Structures are given as structure tokens and as C-alpha cells.
Protein chains: 2
Amino acid sequence: MEKILIVKGNILFTKTLDKLTVYKDSYIVVKDSIVEAIYKVLPQKYMNYQIKDYKEKLIIPSFVDLHLHAAQFLQCGMGMTKQLLDWLNDYTFDLEKEFKNEEFAKEVYTKFADKLIASGTLRACIFASSSTAGTEILFEILKAKGIGAYIGKVNMDSNAPDFILESTEDSIDGTRYLIEKYKDEPLVKPIITPRFAPTSTNKLLKELGSLAKEYALPVQSHLNENLDEIRWVQELFPNAENYLDVYNDNSLFGQTPTILAHGVYLSDDETEIIKRNNVILVHCPDSNINVRSGIMPLRKYLNLGLKIGLGSDIAGGHKIALNEAMVRAIQLSKLLSLSNPEYTPLTVSEVFYLATKGGGEFFGKVGSFEEGYFFDALVIEDDSLTADRYSLEDRLERFIYIGDDRNIIARYVEGNKIT
Amino acid sequence: MEKILIVKGNILFTKTLDKLTVYKDSYIVVKDSIVEAIYKVLPQKYMNYQIKDYKEKLIIPSFVDLHLHAAQFLQCGMGMTKQLLDWLNDYTFDLEKEFKNEEFAKEVYTKFADKLIASGTLRACIFASSSTAGTEILFEILKAKGIGAYIGKVNMDSNAPDFILESTEDSIDGTRYLIEKYKDEPLVKPIITPRFAPTSTNKLLKELGSLAKEYALPVQSHLNENLDEIRWVQELFPNAENYLDVYNDNSLFGQTPTILAHGVYLSDDETEIIKRNNVILVHCPDSNINVRSGIMPLRKYLNLGLKIGLGSDIAGGHKIALNEAMVRAIQLSKLLSLSNPEYTPLTVSEVFYLATKGGGEFFGKVGSFEEGYFFDALVIEDDSLTADRYSLEDRLERFIYIGDDRNIIARYVEGNKIT
């Protein structure tokens with residue numbers, strides 16, 4: 001039998017980048033986890049169903065974070081004034097190695113998942129650590145919580161401290177084990193995850209490309225985050241034409257969907273290849289400032305028609321809440337517009353789109369309330385004092401700018417209320 | 001009889017910009033609201049006093065916000081992608097006029113005060129609105145809450161909508177009324193507050209300069225926030241050599257302490273005069289990005305020895321919590337360093353100093369735990385999982401980057417626990 005869910009409230013979402021779609025005091029009818037339609041007046045045939053009435057509250061698509069490191073959760077906001085290599089060695093690698101300890105992994109990943117969900121991110125593309133056992137624990141925790149995620153065991157076999165490296169063979173075996181175990185899960189799925197070009201041998205990259213093809217799995221990694229890193233990649237892979245070419249050489253995009261974080265600095269060639277192959281770029285504004293990478297020319301990429309999502313990139317980024325990334329994306333676009341007036345600042349509608357439907361595309365019909373989309377939603381309670389005074393668009397903007405997990409009073413994934 | 005307060009915990013503060021002073025598991029002895037000393041081992045003579053033991057928690061000076069607009073509290077995070085004039089007309093002025101309504105003023109200012117205090121700001125320099133009655137309500141509310149503040153009725157008699165302007169005479173009379181009523185208060189005091197040069201006639205500015213002198217009161221206003229504004233000031237005051245000169249001509253600094261917000265763009269002449277007159281500049285990083293002003297060259301000003309504090313500048317800034325301003329100050333300084341390598345990024349110690357002892361200087365001995373300072377303090381509870389793993393400095397940084405009012409479990413002003 002069909003399962004019907006009807007929720008009522010002030011509904012906001014984005015069909016396109018440029019405009020919020022707004023339904024005041026309206027009904028969303030969800031059939032078997034999928035949005036059937038939105039009604040201003042509920043049709044007669046639904047009159048006998050129970051209605052979940054959220055009254056004056058806002059109902060919006062939940063957030064999709066396309067890039068974050070679960071194993072770095074504890075170090076959010078620490079070592080932020082260190083240089084990149086010190087930060088990696090003193091904080092990141094030192095912490096990531098602990099996830100071999102299953103007790104520790106369970107405790108930290110549970111905290112991570114709770115905060116992620118509390119903050120409204122109900123779909124995410126996640127880097128775990130290089131530990132297979134630790135990554136398995138993250139799969140189990142997110143599966144139990146009921147959110148959607150692609151989770152990657154981090155593959156790395158060179159150019160990092162021994163204590164977090166694996167042999168090429170172990171890295172591939174562990175990855176295959178997790179793929180076999182989780183490939184048929186409905187919500188929590190594996191993704192091929194080379195950390196980034198410099199910490200992988202060509203052999204590892206090649207085998208990961210083969211795995212992606214063999215299991216028809218998506219891929220995630222990092223690309224062109226900062227200038228030192230780009231130079232390093234050139235040294236390590238002298239035969240590659242550019243950074244992107246390293247991934248291209250190893251069939252890490254083009255055959256299945258691929259997400260590449262950052263892309264702060266892209267050559268015209270790289271931009272063209274990214275566009276042609278439908279690679280999704282992830283803009284991680286806080287991370288880009290915290291580690292002094294620079295400002296991604298987001299407006300330029302959008303004008304070129306690249307596919308883009310948002311990422312908190314914890315713990316390069318310090319805040320796991322994706323509305324913070326939306327705000328910082330607007331702020332950085334304003335700064336860039338001061339020196340490059342042709343790159344107009346992002347609007348609220350645009351960053352909201354990136355954080356919902358833009359990133360959601362990677363998960364299928366996710367991130368909108370259009371007919372046929374999964375009902376993934378947040379219910380937002382804001383200041384009652386402002387409810388009469390301001391428009392629904394203003395109230396959404398206010399939530400994005402100053403709201404936090406306390407303002408989110410209900411969360412749905414595929415029509416199921418998870419908290 | 002002497003009143004003695006003894007608190008124990010992990011104590012962090014800044015004596016100077018460049019370095020955190022840290023006492024692990026130590027005691028602060030407060031005599032009659034003033035820090036007497038910090039002890040690693042408590043002297044015998046204090047053994048019979050009760051000790052407030054905060055165990056592994058952090059004890060830090062509370063925050064000092066040198067620039068914010070209480071009457072804009074409700075609009076935090078709204079209209080952020082509007083151009084400045086639309087933002088002022090559609091949001092700011094329209095809201096500020098409501099503070100003539102005493103019921104409304106009471107409701108909003110109470111919410112404002114509660115959030116300000118919750119967020120750890122226990123001293124602030126505040127712009128109210130042009131309403132004398134509304135400003136009086138703000139005085140009463142903050143007095144009752146027990147925090148320290150300079151509060152200014154906003155003086156403006158030109159170049160804004162009629163509904164928030166007053167005649168020069170009414171503006172001066174209302175200001176004098178509030179001064180007479182509150183000048184002898186211990187914690188909540190009046191401050192002369194011309195909104196900024198463009199919304200004041202020369203006559204109003206001159207009379208405000210006289211009032212400041214007559215009552216020996218400090219002054220606060222805005223300066224050189226963005227390029228359009230600077231041009232407008234030049235048009236309105238053609239005889240002034242520069243923006244700062246308008247205030248100079250009317251004795252609005254030099255005779256008593258003065259705070260000027262922003263100063264994103266200062267000429268060498270202005271910088272020199274600011275330094276010579278001990279004018280305090282307020283860096284408001286979120287506001288400067290949100291309204292597209294630009295990045296203040298904070299490192300340059302610090303190198304020149306200017307006095308600087310931090311401001312949330314709500315609602316140009318969207319977050320009232322001053323730790324957010326600390327983070328954004330670091331982030332903007334990193335961005336500036338990418339194009340100007342001679343301006344090295346700010347450190348955690350430096351922004352913490354600006355938000356405590358730097359701004360605190362305006363209130364006397366405030367913002368440090370050195371001997372003779374008022375005991376204004378916050379007690380911070382952070383993630384117990386990190387307590388063993390990270391240093392006290394790291395934990396403070398983490399609170400600054402990702403903490404919020406939920407992490408602050410006690411607040412002291414002049415030795416009194418206020419919440």
C-alpha cells in the first residue's frame with residue numbers, strides 16, 4: 001500500500017540558481033518517500049489523511065555537503081593559524097591514525113554524525129580515514145542514523161607519515177571489502193577516495209580507477225586547492241600535463257560520476273575537461289581561507305556552466321553547519337567582486353541552490369521539492385518576533401546567516417522523520 | 001569588609017598582543033571585584049574561603065564589543081545581498097523608527113541583551129536609535145542585567161528619512177536628558193553618538209562636541225567605512241580636508257576618549273592624527289565584507305601602534321557573538337596576506353587580545369586577569385573528548401572558532417556572577 005505523508009507550512013526551495021520558489025501556508029504531499037505535489041489548497045482525496053502542521057515555520061530541503069573529513073571532526077577550529085604542513089602533521093595525520101582504534105572511532109564518529117545531522121546536513125560525501133575497520137564503523141553509524149552518504153575509505157600509499165599509509169595492496173583490499181559489504185545499501189554507499197594525487201602512487205590510482213569501473217562507483221578527491229600543492233603535483237607527476245591529468249590518466253573521472261573538492265586554481269584546459277566530463281566541483285570557502293588557498297572564482301565557473309556543490313570541508317573548514325559555508329561563499333564572492341567587478345556577488349538563492357539541489361544532483365533526485373524528488377527536508381523555527389515583520393525570503397536568509405541546529409526542529413530523509 | 005572570590009580552573013588571557021598567558025589548574029583571587037593575583041598553589045591565608053572550582057574548564061576574560069547597533073538586532077542576517085542604500089532604507093531605518101514604541105523597544109532590547117550576554121560580551125559600546133525614550137529603555141535593561149556598557153542615543157538631523165530624524169535641538173535635548181540621568185551610573189554610561197558625519201549638520205556636530213567637553217564624556221561614531229561614503233562626506237563637507245577632519249573641526253576627539261568604527265580606508269594624515277589623539281579604531285570584519293566595504297589593513301595599523309578593538313557591528317555584521325569577529329579578523333588577514341605578504345596574518349593571541357584587553361582599555365582596567373583588573377570573566381565548557389588530547393591554547397582556539405553561547409557556563413562582571 002502507498003505510504004502518504006502530508007506536511008504543512010511555509011515552503012521554500014530552488015528549482016534554479018536564480019530564484020527561490022516560495023509557497024506560503026501550503027501542503028507537501030509525499031507518496032512513498034517522493035514529493036507528489038505541493039498544494040495551496042489540499043485536494044479532497046487527501047482530506048482523510050493526518051496532516052503534520054508546522055504552522056508558520058519554514059520547510060526547506062535539507063543540506064547536501066559534498067566534501068568533508070569525518071576523521072577530522074575533533075580538530076575543528078584547531079591549528080588554524082599553522083602552515084599547511086604543520087597542520088597536517090601535528091593535527092590531522094596524528095588524529096586520523098587513531099581511527100584504527102575501534103572504540104575511539106565509534107565514539108568520535110557518533111559525535112560527528114550527531115552534529116552533522118543536528119546541523120541539517122542529511123546527505124554527505126565523506127572522507128573517513130585510511131583505516132578499513134574505522135571506516136566500517138562510520139558506515140554502520142550513518143546507516144543506523146538514517147541519513148544518505150557516500151563514504152570513502154581514504155586511499156594513500158605514499159608521501160605521508162608511515163602510521164597512516166598502507167601498502168597499495170592493503171589499500172585496495174580494504175576498499176574492495178567495504179565495497180562488497182555496502183554496495184547494495186539504499187542510503188549509505190561506498191565511493192572511491194584517493195586522498196589526493198600526491199599521497200598516491202600511480203599504481204594505486206590506476207587500481208582505484210579499475211575498481212570504480214568494475215563496480216560502477218563514483219569517485220571523490222581533491223584538485224588544485226593551492227599553488228604549493230599544484231607545484232608539488234607537477235614535481236611528483238612530471239608526465240602529467242596538469243593536476244587534473246593525473247586523475248584522467250588513471251580513469252578517475254569520465255566513466256562514473258566524480259567529485260573534486262576546491263578547484264581554486266584551474267587552467268582553461270582543466271575547466272574545459274571538467275565541464276565535458278560532468279565532474280562536480282566542491283566549493284569549500286571556509287577551508288580555502290583558513291589554509292590560505294585563495295578565493296575560488298565561483299561566479300566564473302557558474303557562468304561557464306560547471307556543476308558545483310558546497311562543502312564544509314571540516315576540518316580545513318571549521319564549521320560543520322553548511323549554512324555557514326553558504327554565508328562564506330557569499331562573503332568571498334563579494335570580496336572577489338571588489339577587485340573583479342565582472343564577477344558579481346552570489347545571491348542567497350544561488351548559495352541555497354548549491355547547498356541543496358546543486359549538490360543533491362549527485363544523489364539523484366535530491367535537494368528540491370519538485371515533483372519526483374525525494375522528500376529530504378528541514379523544519380525551521382525562527383524568532384517569533386520577526387514572523388510578521390519580514391518576508392519568508394528574509395526569514396530564510398536570516399536562518400542561513402545566523403541560525404544553528406537549535407532552529408531545526410524536524411529532519412526528514414526520503415519521507416522518514418529521523419529526528 | 002573585603003569581599004573575596006576565589007575561582008579555580010584553566011586560566012588564559014593576554015597581557016600583550018603576541019602571547020597567551022596560561023595557568024593550568026590555578027586559582028584567581030578576586031578582592032572587591034578586582035583581581036588580586038593568580039596562584040598555582042593557594043596561599044595559606046585563603047584556605048578558609050570557599051573556592052568555586054571549575055575543574056578542567058577554561059576561564060577567560062569576557063568579550064568587549066566596541067561597536068554594535070542594538071536597534072538593528074532583529075534584522076541580523078537579513079537584506080545582506082542588498083546594496084547599502086536599499087539595506088538602510090528597507091531594513092535599518094524602517095526598523096529603527098519602531099523604537100519610539102516603548103513596548104517594542106522593551107521586547108527587542110531585552111532579547112538583544114540576553115543574546116549579547118549569552119554570547120559572552122559583557123562590555124559593549126552601543127548605538128541605540130534616535131529615540132530618547134527607546135534609548136532610556138536600553139539603559140534600564142542593561143543596568144538591570146549587570147553588564148558594562150556605553151550607550152548612545154543616535155544623533156542625526158539630516159540626510160535620512162524624516163521619520164528617524166530629529167531637529168538639532170531635540171537631538172541635543174534628548175542627549176542631555178540621558179546624560180543627566182545616567183552619568184553617575186557605575187556600569188552603564190552615556191556616550192556621545194553622532195551616527196556619522198553625513199547624517200549630521202555642522203551645528204549638531206558642534207553642539208555634541210561641546211556636550212562631550214561639558215560632561216567629560218567619550219564619543220563614538222563611524223569613519224571611512226567605504227569609498228562611496230568617503231566621497232559623500234567630501235561633497236557634504238567641502239571645507240574638511242578629509243573625513244576625520246569633520247570630527248576634528250567639531251572637537252569630537254582629542255579632548256575625551258573617542259571610538260571610531262571601521263577606518264577601512266585611512267589616508268596617512270588621518271592615521272597620524274588618530275594615533276596622536278589616541279582615538280580607538282574598531283575593526284568589524286563581518287560588516288566590512290557584508291556591505292562590501294573591503295578589508296581593513298589591520299596588520300598595518302597594529303604595526304603603526306594604533307589602538308584597535310573588535311566590533312560585531314550588528315546588523316552590518318550578522319553575528320553578535322564576538323568570537324565570530326575574531327575568526328573573521330583572522331580570515332580576512334589571511335586573504336590580505338595573499339596579495340600583500342608584508343601584512344602577516346593575525347594570530348589567535350592577537351585577535352583574543354583585541355577582543356578583551358584591547359577593547360577593554362576603553363572601560364579602564366578591563367579585559368585581562370593581571371593584578372588590578374576588574375574580574376570580568378567567562379567560564380568555558382568544551383568537548384570532554386578533547387580535554388586530554390589538546391593543549392589549553394588549542395582548546396581556546398577551538399572555542400573561538402566553533403564555540404557558541406552553549407559553551408559558556410558562567411559569566412562574571414566586576415566579580416559578580418551575572419548568569
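## Helix H2 of chain B

In H2(B), the buried residues are B:Phe104, B:Ala105, B:Val108, B:Tyr109, B:Phe112, B:Ala113, B:Leu116, B:Ile117 and B:Ala118. The model is predicted.

Helix H2 of chain B covers residues 102-118, which is 17 residues. At 1.5 Å a residue, these should span 24 Å.

## Ends of the helix

At the start of H2(B), B:Asn101 points a side-chain oxygen at the backbone of B:Glu103. That oxygen comes to within 3.0 Å of the backbone nitrogen of B:Glu103. Just after H2(B) comes B:Gly120. Its phi is positive, at about 100°.

## Nonpolar cores

Nonpolar side chains tend to be buried together in soluble globular proteins. Here, the largest nonpolar core has 224 residues. Those with the most contacts inside this core are A:Tyr109, A:Phe112, B:Tyr109 and B:Phe112. B:Tyr109 and B:Phe112 are also among the buried residues of H2(B).

In chain A, leaving aside residues up to four places away in sequence, A:Phe112 touches A:Leu68, A:Ala70, A:Phe73, A:Ile126, A:Leu138, A:Ile314 and A:Ile320. A second core is separate and has 16 residues. Among them are B:Ile28, B:Ile59, B:Phe375 and B:Ala410.

## Relation of the two chains

Chain B superposes on chain A by a rotation of 180°, with 0.0 Å of shift along the axis. The RMSD is 0.0 Å. The two copies are therefore related as by a two-fold rotation axis. Both copies use the same surface: 100% of the contact residues of chain B recur in chain A.

Technical notes
Residues are numbered from 1 along each chain as its sequence is written. Chains are lettered from A and ligands numbered from 1 in the order in which they are written. This is a predicted model: local features need pLDDT of at least 70, side-chain atom pairs count only at pLDDT 80 or more; totals for chains, interfaces and linings use all residues. Side-chain values use heavy atoms; hydrogens and water are left out. Copies are superposed by least squares on the C-alpha atoms of residues with pLDDT of at least 70 in both. Contact means heavy atoms within 4.5 Å. A nonpolar core is a set of buried Ala, Val, Leu, Ile, Met, Phe, Trp, Tyr and Cys residues joined through side-chain atoms within 4.5 Å. Buried means under 20% relative accessible area, exposed over 50%, partly exposed in between (1.4 Å probe, protein chains only). Helices (H or I, at least four residues) and strands (E, at least two) are DSSP runs, numbered from the N terminus. The expected span of a helix is 1.5 Å times one less than its number of residues. A polar contact is a pair of N or O atoms within 3.5 Å; within protein, one must be able to donate a hydrogen and the other to accept it, and residues adjacent in sequence count only if both atoms are side-chain atoms.
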